[in-house]
Amino acid sequence: METPDIASDDPQLQMAKRVVTSLILAIKNYNLYPEGHENRKRSMEQFQNPLVTYLNRNGPLRLEIEKNRICFKGDEIYSETASEGNLPAIFYRDGLKWVEFQDGIQPLEIFDFLKLINKYWVLSTEPEGDLVTAFWEAEFSHINYLVSDFYWGVESSDDFKINPKAEESADRGGLEAGESIDESWRPISISQVEITPREEIQIQEMVRTEDERDVKIDFLNILLDNLIDQEEIEGWKIATEVIKEEFIEFIKSRDFKFAYTILDSLDRIYQKEKSTHTLLSEFLDDFFISIYSEDTLKSLGDHFNLSPDEVIQLKKILFLLPPGAVSSLAAIMLKTKSVHIKQICNDVIIKLSSQDIQPLTALLSSPNENLVQRLVYMLGIIRTENADQLLMNITRHSSPLVRNEAIKGLLRRNPSNLLKVFHFVDDPNDSIRRLILTFAGREKNPEAEKLLTAYIEKKESGKFEKKDLLECYQALGRCGTIRSIPFLQKMLMQPGWLPSKRLSANRQGAAMSLAAIGNPEALSVLENASRSANPGIRIAAGRALRAIVKTD
Amino acid sequence: MSGLTRNSYESGTTFIKTLHNLLQAIKIHQENNQLVKEAVAKFKKILIDSSAGNPIDILLWRGRLYYQGEKILSGRDVQSLLQDMLDYLTQRQICGFRFHPSCMKASSAELVIFAQVLSKSVGAGDPFSWIQENFKTYNIGWVEVQKEVNRDFSDSNMRRKEIARQTYSQTVATVKEVTQKVSQQSAAGIRKARRLAQTMVDVVIQDESLVLGLTTIRDYDDYTFTHSVNVAFLSLCLGRRIGLSRILLEQLTVCGMFHDLGKVEVPKNILMKTDKLDVNEWDLIRKHPLIGVTRILKMQASRDLRSRLILGPFEHHLNENFSGYPKMFFTKKISLFGKILRITDTYDALTSDRIYRSHTLSPDEAIAWMWN
């Protein structure tokens with residue numbers, strides 16, 4: 001950046017130069033710092049201050065634009081080389097000849113001015129607009145500019161040829177197909193076409209409505225009508241691409257109502273076309289697959305603090321998706337930190353999987369344990385025929401978390417599944433074992449009672465951990481009934497005088513069970529045992545009885 | 001090179017409104033009335049804002065008011081006010097005022113006197129001289145009344161006409177360029193179209209008569225393109241008459257430019273056919289709104305802009321009762337843009353030569369036909 005030497009005795013020039021320097025800095029900082037950042041705000045003020053000072057003292061400030069430089073009353077006050085990407089070049093690029101700031105300029109105008117320069121600093125290959133279109137739209141009250149039309153090249157403004165005899169056109173633009181003009185029209189009077197006061201009001205209302213209107217829904221309706229009326233694949237392709245873009249934007253902006261409208265309307269078209277227009281319905285089939293991809297739905301994961309209404313609307317949208325959407329929803333559910341979205345994905349996956357379990361099943365072989373665990377949880381809830389079998393298969397999963405979830409699922413679906421999963425009481429994972437025993441002992445249950453009794457008996461003769469054995473007895477105590485008493489009595493009253501870990505554990509366990517069962521028969525066995533000559537038996541029974549007393 | 005400044009012609013309207021307000025207030029109320037005080041304060045402010053060290057000229061020339069050499073627009077909202085001012089000046093046999101830079105320092109009392117002198121001058125035998133004498137008596141040296149206009153504003157009118165013509169031809173070229181890009185399946189942006197549309201809006205707001213003459217141009221080699229530009233201009237004028245905002249006018253103009261973009265895929269021999277079209281050929285013609293939508297969707301335009309741009313092209317062959325084409329299933333209401341384009345598209349087609357009509361319809365006949 002070069003600022004030329006300015007004659008020090010020209011204060012106006014000096015002031016203009018200061019304004020331009022501060023403008024360049026303000027633009028740089030606008031680009032570097034995010035909205036609200038202190039540096040951005042400060043540099044804007046640092047531009048505003050010298051500018052306002054200049055305007056107050058000297059009136060309007062006009063900056064003349066040339067390629068790579070800015071002049072003031074013919075004198076260069078700022079220049080940059082093209083390679084540095086510079087403000088004069090941007091202005092010059094868009095055809096600005098001069099920009100003039102006027103007294104009374106407001107901070108908001110300055111802010112918008114900087115914002116637009118930043119926005120249009122770089123133009124794409126075929127841009128929608130540029131600085132000049134943006135300035136025009138902004139309609140600044142205190143910033144004027146002059147645009148040259150060098151941009152347009154050398155189009156001729158010659159008269160157009162008119163040669164009616166040689167090349168008359170029968171172009172049908174503007175008239176209905178097949179319509180001929182009846183040339184015996186009735187003339188009309190001026191009064192017929194004069195607008196009445198009532199019509200004036202109607203027009204004003206139309207204009208006011210048009211200004212305030214949100215064209216989203218009209219645009220959507222036209223896209224959908226276009227889709228139906230088209231007969232070319234290219235037309236469908238473009239229409240659906242735009243519809244998909246709209247859908248993504250609506251999801252991103254939480255405009256769930258419109259997102260729902262899109263899916264619902266497409267579904268209606270699909271239903272309408274299915275029987276009569278197989279090509280479009282096939283096309284829509286493929287389209288629906290693309291619309292529920294993770295890429296399309298990924299912005300869902302960024303939505304936090306959804307209102308109850310939004311939750312309902314979003315679920316409505318997602319319920320319209322086909323079961324194949326499960327994999328995308330599962331991925332979003334894993335990645336998102338939004339509690340709302342997790343829950344919504346959870347509910348939707350369950351619902352969609354009820355229609356077709358296959359997509360969910362396919363995900364169960366995922367290496368992501370966390371995902372599989374969640375899906376297994378859902379499988380435990382889904383009402384589908386082969387869920388039990390699927391869950392049983394999953395009980396062989398290498399991950400204890402997953403096995404745990406599968407077993408829980410099975411037990412949740414049907415308590416009698418305990419019979420199928422009881423063998424997991426031998427699972428190397430503690431939590432699984434405890435799960436089985438806790439479930440078995442949750443209430444009085446003859447099946448559980450039988451299983452536990454048989455297990456203890458089997459364990460009794462093999463290797464065991466005392467802790468594990470006692471847990472089994474505890475469970476038996478909770479689910480056991482009068483039927484278990486003979487077994488427990490047998491285990492308590494086992495003969496043997498020498499101290500033995502096995503004997504001790506069994507006696508202790510049996511005594512605990514009897515105490516937990518707590519009916520008169522059980523208590524009687526305990527009391528008799530507490531008077532046994534065998535100290536081991538006596539101690540075990542005594543402890544159990546004292547524990548009852550303490551509890552009481 | 002010619003250029004176009006940002007439209008400062010609205011300053012003229014504001015100035016005249018404020019002046020008119022002051023003159024009316026003085027005519028009706030006493031000088032200590034609150035309305036008079038407010039009118040004086042507003043006029044004082046506008047003198048300061050408008051002058052900025054330069055004189056301000058308000059002149060009546062050939063039945064139109066000029067502010068700083070620029071014709072003041074006669075939109076619907078100011079028509080009666082401008083007529084009032086014309087009558088006011090004519091009754092006093094004066095052609096306007098020159099406010100010198102010293103008007104920035106005029107006191108409120110002086111402004112009241114200025115307005116009172118003008119108000120009472122209508123009874124004088126020679127109002128111009130009477131005003132001059134009274135201004136001298138009361139030391140109102142910061143304003144002069146003009147008896148005759150020694151300027152010819154034709155030059156500035158010619159300059160504006162030239163800008164309008166250039167804009168017209170550039171717009172035709174741009175529509176052609178975009179249409180060709182679209183037919184070659186290349187990316188097409190709308191930057192140029194928007195720049196031109198904005199210029200067109202400025203020109204029409206300044207003086208719509210400058211462009212209405214241009215819309216009678218017919219180029220039969222490039223009929224579709226000139227027709228599109230004519231429709232754009234006519235729609236713009238109609239939109240302005242009903243009071244659409246500048247932004248909407250720009251969008252409407254761009255819609256007009258590209259309303260027939262879909263015809264790029266209709267074979268030229270069908271477009272140019274002199275005999276009646278058969279069923280298949282009509283089917284092709286009827287598809288052009290759909291094709292137009294497809295083409296516009298492919299243009300490099302933002303989501304917001306695109307939403308507006310497709311409305312008109314899609315709907316411009318639909319009538320209020322949904323007869324016409326294409327068929328609608330979801331759309332329940334025709335947009336305002338669609339209605340405007342329907343009217344202007346039909347009007348331009350009717351006033352063009354057609355081999356199957358015995359004569360080209362005049363504007364009146366076209367309106368009558370459309371009305372019936």
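**Figure 1. In helix α19 of chain A, the buried residues are V402(A), R403(A), N404(A), E405(A), A406(A), I407(A), G409(A), L410(A) and L411(A).** Buried here means under 20% relative accessible area, exposed means over 50%, and partly exposed lies in between (1.4 Å probe, protein chains only). Helices (H or I, at least four residues) and strands (E, at least two) are DSSP runs, numbered from the N terminus. Please keep in mind that this is a predicted model, in which local features need pLDDT of at least 70 and side-chain atom pairs count only at pLDDT 80 or more, while totals for chains, interfaces and linings use all residues; side-chain values use heavy atoms, with hydrogens and water left out. Residues are numbered from 1 along each chain as its sequence is written, with chains lettered from A and ligands numbered from 1 in the order in which they are written.

The cover over the buried residues of α19(A) includes α17 (369-379), α18 (387-394), α20 (418-421) and α21 (430-440) of chain A. The expected span is 1.5 Å times one less than the number of residues.

**Figure 2. Helix α8 (residues 216-229) of chain A is largely enclosed by the rest of the structure.** Why call it enclosed? Because 13 of the 14 residues of α8(A) are buried. From first C-alpha to last, α8(A) reaches 20 Å, close to the 20 Å expected at 1.5 Å a residue.

**Figure 3. T453(A) sits in helix α22 (residues 446-460) of chain A.** With a relative accessible area of 15%, T453(A) is buried. Setting aside residues up to four places away in sequence, T453(A) touches L476(A), S484(A) and F487(A); contact means heavy atoms within 4.5 Å.

**Figure 4. Strand β4 (residues 96-101) of chain A is mostly covered, with five of its six residues buried.** One partner of β4(A) is strand β1 (residues 61-66), joined in the antiparallel sense over four bridges; here F101(A) is the bridge partner of L61(A). Strand β5 (residues 143-148) of chain A also pairs with β4(A) in the antiparallel sense, over five bridges, and W98(A) stands opposite L146(A) in β5(A). Two strands pair if DSSP finds at least two bridges between them.

**Figure 5. Chain B holds an open sheet of five strands in the order β4-β3-β2-β5-β6, with antiparallel pairing.** β4 (70-71) and β6 (143-146) of chain B each have a single partner strand, so one side of each is left without a neighbour in the sheet. Two bridges join β3 (residues 64-67) of chain B to β4(B), where Y66(B) stands opposite K71(B).

**Figure 6. The largest nonpolar core has 260 residues, and F101(A), F97(B), F99(B) and F114(B) touch the most other members.** Helix α1 (residues 11-32) of chain A gives the most to this core, with ten residues. A nonpolar core is a set of buried Ala, Val, Leu, Ile, Met, Phe, Trp, Tyr and Cys residues joined through side-chain atoms within 4.5 Å. Among the residues that F97(B) touches, not counting those up to four places away in sequence, are L19(B), I56(B), L89(B), F114(B) and V145(B). A second, separate core of seven residues includes V266(B), I270(B), I285(B) and Y325(B).

**Figure 7. S335(B) lies in the loop between α15 (311-315) and α16 (336-350) of chain B.** S335(B) is buried, with a relative accessible area of 1%. A polar atom of the S335(B) side chain lies 3.1 Å from the backbone nitrogen of G338(B). Leaving aside neighbours within four places in sequence, S335(B) is in contact with R213(A), L311(B) and E315(B).

**Figure 8. Residues 1-7 of chain B have a pLDDT under 50.** pLDDT is the predictor's confidence in each residue, from 0 to 100. Where pLDDT is low, the predicted coordinates should not be read in detail. Over chain B, the mean pLDDT is 84, and 91% of the residues reach 70 or more.

Note on methods: A polar contact is a pair of N or O atoms within 3.5 Å; within protein, one must be able to donate a hydrogen and the other to accept it, and residues adjacent in sequence count only if both atoms are side-chain atoms.
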